[in-house]
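Here are my notes on the model, in numbered points. Please read them with the structure open.

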Amino acid sequence: MLFFGGDYNPEQWSEEVWAEDVALMRQAGVTMVSLGVFAWSHLEPEEGRFEFGWLDRIMDRLHEGGIRVALATPTASPPPWFTLAHPEGLPVTADGVRLTHGSRDTYCVSAPAYRAAARRIATELAGRYARHPALALWHVHNEYGTDCRCDLTASAFRSWLQKKHGDLDTLNESWTTAFWSQRYSEWAQIMPPRATQYLPNPAHVLDFRRFLSDELLAAFAEQRDLLRAAGPQVPVTTNFVQGGWVSVDHARWASEVDLVAVDHYPAAADAEGEAETAFGADLARGWAGGEWLLMETAPNLIYTPGRMHAKEPGRLTRHSLNYVARGSRGAMYFQWRQPRGGAELFHSALVPHAGPDSPVFREAVGLGRALRTLAPYAGGPVDARVAVSWDAPSWWALQGGGLPAADIDYPAAVRQVHRALYRSGVATDFVFPGQEGFEARLAAYRVVFLPHLFLVSDEDAAALRDFVAGGGHLVVGHLSGIADLAGRIRLGGYPGAFRDVLGVRVVEWRPLAPGTTIALDNGDQGIRWSERVETAGAETVVRYAGDVLAGAPAITRNRLGDGVAWYVSPGLGDDDLRRLLDRVTAEAGVAPVLPGLPPEVEAVRRGDLLFLFNHGATPEIVPLPGPGTDALTGRALSGAVTVQPGGVTVWRGE
Ligand code: GAL
Ligand code: ZN
């Protein structure tokens with residue numbers, strides 16, 4: 001079965017609407033809904049007094065309708081009574097402002113009262129519903145991420161630091177507290193990062209980000225464990241969010257959930273929305289190490305800056321099947337029914353304000369049918385021979401002030417590499433330095449790209465060197481290998497950790513002013529970044545041609561053992577980067593999923609299925625790899641197929 005459905009909030013509606021909901025869900029082929037995500041004040045209207053009658057009734061009704069439930073613990077949004085009784089459970093900002101209820105996600109994860117209240121409601125739900133026949137999945141909390149800088153956080157942070165560093169000398173050394181007289185002589189002197197007069201210590205901030213991720217994980221794990229204890233047969237997950245502020249290190253969390261579930265909201269209305277969808281799905285599959293679940297996306301809108309863009313006809317289907325093609329066990333949305341009020345009253349839904357007689361609901365009905373048809377064949381793996389590194393701590397380290405350029409953008413650098421591979425139709429995975437088993441995972445790939453891998457451990461650097469020596473192709477971009485895991489610079493020339501594998505030494509950074517470029521001798525233009533590179537064994541492939549760097553190496557290639565390591569010193573535009581990566585993948589013997597595709601057509605292979613997405617406005621003829629069947633219509637296919645504008649064809653090989 002593929003999961004199809006979304007966040008369902010019956011607590012916002014009367015029971016007559018529930019009856020219509022279940023009927024419409026059946027009409028659309030909904031197979032699962034997420035229930036109770038923000039229902040705490042409806043489940044526990046007063047401290048210790050529970051009202052489960054309504055949840056019993058809707059669980060039973062859904063079960064009768066054949067619809068499974070991902071039952072949430074509602075702990076992302078404590079009710080007003082909680083915050084009034086336990087003001088220390090409210091989060092405090094870096095400026096010392098204690099926030100109050102009236103929105104959501106207003107809790108301090110380090111406050112014992114919050115943790116106790118969360119455990120209590122989770123225990124009640126577990127005891128009552130663990131054996132309910134509709135229950136398919138526990139959905140703990142929602143998008144863990146709230147950040148707090150209060151005194152309770154301070155003491156939890158200190159305990160975490162004591163465990164990590166052991167003694168203060170080690171911490172002082174790791175944080176370089178000799179700079180600006182920050183040497184700590186008692187643990188109690190250490191605070192969470194709060195508003196400071198000028199730049200904070202980056203190592204302090206970095207450790208706090210790691211602490212916060214672990215602290216939130218501990219809160220998740222205690223709920224998970226009590227849910228598992230009540231019903232070990234039901235898998236437990238929480239929905240990860242991929243956004244601008246990444247609070248947790250998902251690569252570390254992934255092994256703690258039974259199924260990686262991800263919320264993904266592309267933000268571009270144009271073709272970039274499709275590239276973002278592919279990126280989000282590939283990253284999710286990387287975290288999962290295989291199958292994952294799209295827990296939320298918007299059915300009918302893309303939040304672009306300043307405007308909600310309504311999706312074009314067919315785009316809901318294309319986006320949804322793209323997630324499935326890239327490893328999702330289905331497509332779930334925020335949300336089922338568009339609300340009458342509340343902060344997100346204009347957020348799109350499968351059943352919009354207009355009701356089911358609407359384009360989005362009609363498209364959902366067709367999509368539900370398509371998912372039902374594909375379900376028996378959609379479980380195969382996605383096979384990729386190239387991988388890109390993703391590293392939350394490097395992102396965190398590159399978010400601070402005091403960096404060599406204000407426009408350093410970690411996610412943009414990773415996205416750009418992924419986009420280049422995406423445009424060339426090359427199936428792409430992600431790998432996670434620092435994750436257990438990193439070295440073993442590298443063995444699956446012919447090519448590995450490291451964009452802005454700023455922090456790296458000696459072990460991971462050695463694993464990447466072995467990968468090259470063993471015949472792999474490594475492409476290192478600037479701002480990689482610069483520091484150890486504490487953020488201390490590796491001395492002797494950049495990119496410290498990768499100097500030997502690359503056969504280069506960078507002696508000076510020369511970030512470029514916005515809007516300016518530096519010429520390269522192959523006709524490309526460097527943007528954003530340039531450096532003075534010296535070769536130490538590597539061959540120079542491209543040189544800088546302008547400025548004080550004229551004649552100096554810009555892109556180099558080093559043979560090491562059976563493999564090759566490339567260094568890309570300048571920033572490049574999309575087309576220039578794509579040409580370079582095409583050369584690297586071709587040399588490594590990696591072919592696109594389907595060669596010779598029209599540019600508007602995207603091909604994704606999952607197991608026996610080949611998904612062909614036509615994102616353009618005209619029909620496109622696509623040559624097929626062999627005879628097979630149209631998995632959506634059952635029609636026999638051979639030779640080539642015409643994919644309709646805005647449409648999807650799924651070929652299943654014989
Ligand atoms: C998600 C969140 C949902 C809803 C949605 C709106 O991040 O989990 O509850 O707010 O965003 O796009
Ligand atoms: Zn707090």
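1. Start with the crossing of α5 and α8, which is right-handed in this predicted model. The two axes come within 9 Å and cross at roughly 25 degrees. An angle under 35 degrees counts as roughly parallel, so α5 and α8 are roughly parallel to each other.

2. Which residues make the contact between α5 and α8? On the α5 side they are Arg 115, Ala 118, Arg 119, Ala 122, Thr 123 and Ala 126. On the α8 side they are Glu 215, Ala 218, Ala 219, Glu 222, Gln 223, Leu 226, Leu 227 and Ala 230.

3. Within that contact, look at Arg 115 and Glu 222. They form a salt bridge, with the closest N and O atoms 2.8 Å apart. The pair links distant parts of the chain: Arg 115 sits in helix α5 (residues 112–129) and Glu 222 in helix α8 (residues 202–230), 107 residues apart. Arg 115 is buried, at 13% relative accessible area. Glu 222 is partly exposed, at 22%.

4. The structure holds 48 salt bridges. One of them joins Arg 606 to Glu 291, again with a closest N to O distance of 2.8 Å. Arg 606 lies in strand β24 (residues 601–606), while Glu 291 lies in the loop between α10 (272–288) and β8 (292–296), so the bridge ties together parts 315 residues apart in sequence. Is Arg 606 buried or exposed? Its relative accessible area is 1%, and under 20% means buried. Glu 291 is partly exposed, at 38%.

5. A further salt bridge pairs the side chains of Arg 505 and Glu 534, at 3.1 Å from N to O. Here the link runs from strand β16 (residues 504–509) to strand β19 (residues 531–535), and the two residues are 29 apart in sequence. Arg 505 is partly exposed, with a relative accessible area of 35%. Glu 534 is partly exposed too, at 36%.

6. Please also check the salt-bridge network. Its members are Glu 272, Arg 415, Arg 419, Arg 423 and Asp 574.

7. Next, His 101. It is placed in the loop between α4 (80–85) and α5. The His 101 side chain makes a polar contact with the side chain of Thr 83, at 2.5 Å. Leaving aside neighbours within four places in sequence, His 101 is in contact with Pro 80, Thr 83, Leu 84, Leu 90 and Thr 106. Pro 78 is 23 residues away from His 101 in sequence, and the C-alpha to C-alpha distance is 8.2 Å.

8. Ser 77 lies in the loop between β3 (68–73) and α4. It is buried, with a relative accessible area of 15%. What does Ser 77 touch, not counting residues up to four places away in sequence? The list is Phe 38, Trp 40, Ser 103, Arg 104 and Asp 105.

9. Asn 201 lies in the loop between α7 (168–174) and α8. This residue is buried, at 11% relative accessible area. The Asn 201 side chain reaches the backbone nitrogen of Ala 203 at 2.8 Å. Beyond neighbours within four places in sequence, Asn 201 is in contact with Trp 175, Thr 176, Thr 177 and Gln 182.

10. Thr 176, one of those contacts of Asn 201, has a positive phi of about 50 degrees although it is not a glycine. Thr 176 also lies in the loop between α7 and α8. It is partly exposed, at 41% relative accessibility.

11. Glu 143 has a positive phi as well, near 45 degrees, and is a residue other than glycine. Its place is the loop between β4 (135–140) and α6 (151–165). At 19% relative accessibility, Glu 143 counts as buried, since the cut-off is under 20%.

12. Last, the cis peptide bonds. One joins Phe 334 and Gln 335, with omega about 20 degrees. Gln 335 is found in the loop between β11 (328–333) and α12 (359–374). Another joins Tyr 494 and Pro 495, with omega about -15 degrees. Pro 495 is in the loop between β15 (473–477) and α17 (499–502).

Methods
Residues numbered from 1 in each chain as written. Chains lettered and ligands numbered in written order. Predicted model: local features only at pLDDT ≥ 70, side-chain atom pairs only at ≥ 80, totals over all residues. Heavy atoms only, no water. Salt bridge = Lys/Arg side-chain N within 4 Å of Asp/Glu carboxyl O. Helix = DSSP H or I, 4+ residues; strand = E, 2+ residues; numbered from the N terminus. Buried < 20%, exposed > 50% of the residue type's maximum accessible area, 1.4 Å probe, protein only. Contact = heavy atoms within 4.5 Å. Polar contact = N/O pair within 3.5 Å; in protein donor to acceptor, adjacent residues only side chain to side chain. Axes fitted to C-alpha atoms, helices over the stretch in contact; angles between N-to-C directions. Parallel < 35°, antiparallel > 145°, perpendicular 65-115°, else oblique. Left-handed = near helix turned anticlockwise from the far one by under 90°.
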